[in-house]
Each structure stands twice: as structure tokens, then as C-alpha cells.
Amino acid sequence: MQHMGARSAQESLTSKLHGIRLGASWIASAPPSIQNEFLESLDGAELKALPFLFEFWALEHQLPPEGDWRTWLIMGGRGAGKTRAGAKWVRSLVEGARPSDPGQARRIGLVGETLDQAREVMVFGESGILALCPPDRRPEWIAGRKMLVWPNGATAQILSAHDPDALRGLQFDGLWADELAKWKKAEEAWDMLQFGLRLGDDPRACVTSTPRNVKALTDLLERDSTLVTHAPTSANRANLASGFFEEVQRRYAGTRLGRQELDGVLLADVEGALWTSAGLEASRAPRPPEMSRIVVAVDPSAAAGGTGDACGIVVVGAVTEGPPQDWRAYVLEDATVRGASPLEWAKAAIAAWQRHGADRLVAEVNQGGAMVEAIVRQVDPLVPFRAVHAARGKSARAEPVAALYEQGRVLHAAPLADLEDQMCQMTRLGFLGSGSPDRVDALVWAIYDLMIEPAGTWRQPRLRVL
């Protein structure tokens, strides 16, 4: 037992746990007596191997998927455990049952955006290959060749995606690519790597990346040979510093950037969109000033009781001191409700009006006519109410509002991820998302009431205020 390798210890522990995937969570939640009994059942080699048995500690998204695949894409938020999963996958390819035994693969490519990043993250990082290898299986770093060499002769060479031509002529039977969505020449580099992934009986690649809307990543997602596992940052919270998790949640939870960087969601900006993710990220204003006026704008659903679109409810304030070019609007809340009856959305709108001390409630009445105001009056007969009727298309109405954003005159003072998703799918040719842009419509009406109409910049003949 003195020379039992990590693979043999894993098999022994699997038998004792009656299924490795129950291991860490089962032991962690078991009473102390059972935990002690389990630990006492392990011999010295098993105890030494336990910290390095990734299958025992891994989260579900960190385990390779079953089935026939060419590329395993691990997408997740910051700190979700992507790097550790990639490093362990490399170990699983190169290691045999014992340190000197051959594994499934002999030549691995480790590709980062730059050589420095590949070395410092994938090899020497806290979750890199060296940190995950037990002493008897730890590879030697050959600095001059930029290469790891395992006791069984397997090698892993670090490479940079910065110069795709430098990847020509290389050959691998396994490939780990880290942060593909960050590579500046991602498409060219990935193509060159695919030509080199040609050794062995079943050459495969693992890609670990925070999602970004880049062509190399979206193309990879569309391939039938790609399998995806996904997890948000919160899935790995137990292994993160509490201060880090609390701070990033406080700053970014509920924002579009947070959905990408924390939730690991791929956010798409459609071609020709009136708003972009980058533009919206530049519009953050966490501490809005005192407002001159606040309105709650409502885009009622065409159907009631959950059969139609949501009822868009957006709260916007504005500072309108001085000339119109100095005015600024601040989006304070997206209070949109889905699946609500007319009376329920009216109550939600009135609640938002009260919560923000708003000056007026503005509602589009194209769908319901006078009934819209009647429903609102059932909840509060005295609420200041203004009905508006659109005679122009949604995109045409949204364009002058988008222009104000481009001028830096509309800022977001709250988490507005769902609203921002709709905004990034609104184009001059129409809304390209699913359903109706109910949140964007409400936003447009609010900005119209606060900024555009008072400044006299709206094209009045195509819009009627009732």
C-alpha cells in the first residue's frame, strides 16, 4: 500500500463510499461520528491521496460529461472552479494507475491568451496543474522548453493564442484552452489548434471560459460535437473568500455584467441594436442625486392572467435644472410583473409610485383604452395619471431615447439585468428577442415624459397624448 497511486486510492474510496459522486457532499453533511468512522477506515496511502482525488470533491459541473464529444466547454462565473476542472481533466488524461504507467494521452497542449497567463494560471496557479498533483505524480517544469514532463513521460506544452501562426505544425492528443472568449485572435488560433489535435485514438479538447459574445465561442456552442457544463460563481461559494463573494454580489448582482461574470450567462448583442452591453456598462450611476421629477411608466400586457406578455413597469427620475442639454435621467427600478391580472399589475404600479414618491404614473393605452385608467383608479382614485397612445412603431419610439443614452444623459442607478437584455435586442428594424419588449416600452414612455416632451424634441405629429 505504500506506493498506492491516486487512481488506486480513488477506486478504493469509491467502493467505501458506494459511489464517488456522493462523496464530498455526503461526508460533509454526515454526523461527526460517521465522518470519523469514514476517516478511520482509510489507510495511510488513502489518507494521503484523499486531498488530490478531484472526483471526490468536485462539483457536478466540474466532471467530464459522458458520451461522444470532441470539445468539453466549461462556462461559468468568476471563481466557479473552471480552472481546477481543466487542470484535473489534464491529469485524468496523462496519468495511469501508477505514477509510471502510461495514461490515455501523451502530448497535451495548454493554451492561454499569452504565455505568461498560461504559465501562471494553468501550471503554477492556485488551481493549476502543479497544485492538483500529488507528490509522486507531480510533473517537472522545464522552463527552457515551456513544458511539463510527468513521471510516465507524458508532456504538456504551454502555448499562446496571441500568434496563431506559431501554432502551425504542433500535434496533440489532448488540449486545454483557457479563457477562449478573451483571446484577441480567437477564431484563427482555435482553427490552428484543431488541425493539431490529431494524435491518439480519441483526441479531445477542454475549453474553460467566462462567456462573452464572441464568434469563436458562439460557433463552438453551435457544434454538435461540443458538450457544455455551466455554473455560476455561487456554486463554488464554499471555496471562495467570503469577502470576495459578498463584494462582487453587492456590486454586480442583478446587472448585465453580473449575469455574464457571476452567473456565467452568454449575453448576446444583436447586430444593429440601439443599445450595447458596453454602452450600458458605461451608464452606471450607483448614487443618483436628488430628482426634480420621478415618474412610473407602465406598458400594460395585452392579455391577463399570465397568458400574454409581462406588464412593463419602470421607474425613472430626472434632474431637469438648467438648459435641456444639461438634464439627466436616472432609471431607478424595473418593477415589471409577469403573469399578473390587470388589477395585480395596477397594484404593482401604484406600489412603485408610492415607494419612490413619484410625481406621476404614465401608461400606454393602445391595448386597453379607457379601461387602463379605470383599473388604476380602482387601486388609487387620486393617483396623478397620464394616458399616452403610440402612433409609431416601438423601434421608432425607442430611437430618440437611445440617442440620449449615447449622449450620456440617461444613467442606470439600480440592477436592471432583464431590462438591459431587452434593450440589447431592440434594433431599428424591430425587437429581435422573444415576446414583447414590455420593459423597454415602459422605459421609453418614462424618458419621453421626463426628458423628450418637455424639451420639445419629440416628433409630435406621430404621437398622441390623451
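Student: Which helix gives the largest share of the lining of the second largest pocket?
Tutor: In this predicted model, helix α11 (residues 242-252) does, with three residues. Helices here are DSSP runs of H or I with at least four residues, and strands are E runs of at least two. A pocket is an open set of points on a 1 Å grid where a 1.4 Å probe fits, with protein on both sides within 12 Å along at least five of seven lines; lining residues have an atom within 4 Å of a point.

Student: How much space lies in that second largest pocket?
Tutor: About 360 Å³, taken as the space filled by probe spheres set on the points. R250, R251, T255, R284 and P286 are the closest to its centre among the 15 lining residues.

Student: And the lining by class: how many are charged?
Tutor: Five are charged (Asp, Glu, Lys or Arg); eight are nonpolar and two polar.

Student: Changing topic, which residues of α14 meet α15?
Tutor: P342, L343, W345, A346, K347 and I350 of α14 have heavy atoms within 4.5 Å of α15 residues, namely V372, I375, V376, Q378 and V379.

Student: How many helices and strands does the protein chain have?
Tutor: There are 18 helices and 17 strands. Of the contacts in the chain with a separation of 6 or more, 71% join residues 24 or more positions apart.

Student: What conventions apply?
Tutor: Numbering starts from 1 along each chain as its sequence is written. Local features need pLDDT of at least 70 and side-chain atom pairs 80 or more, while totals for chains, interfaces and linings use all residues, and side-chain values use heavy atoms, without hydrogens and water.
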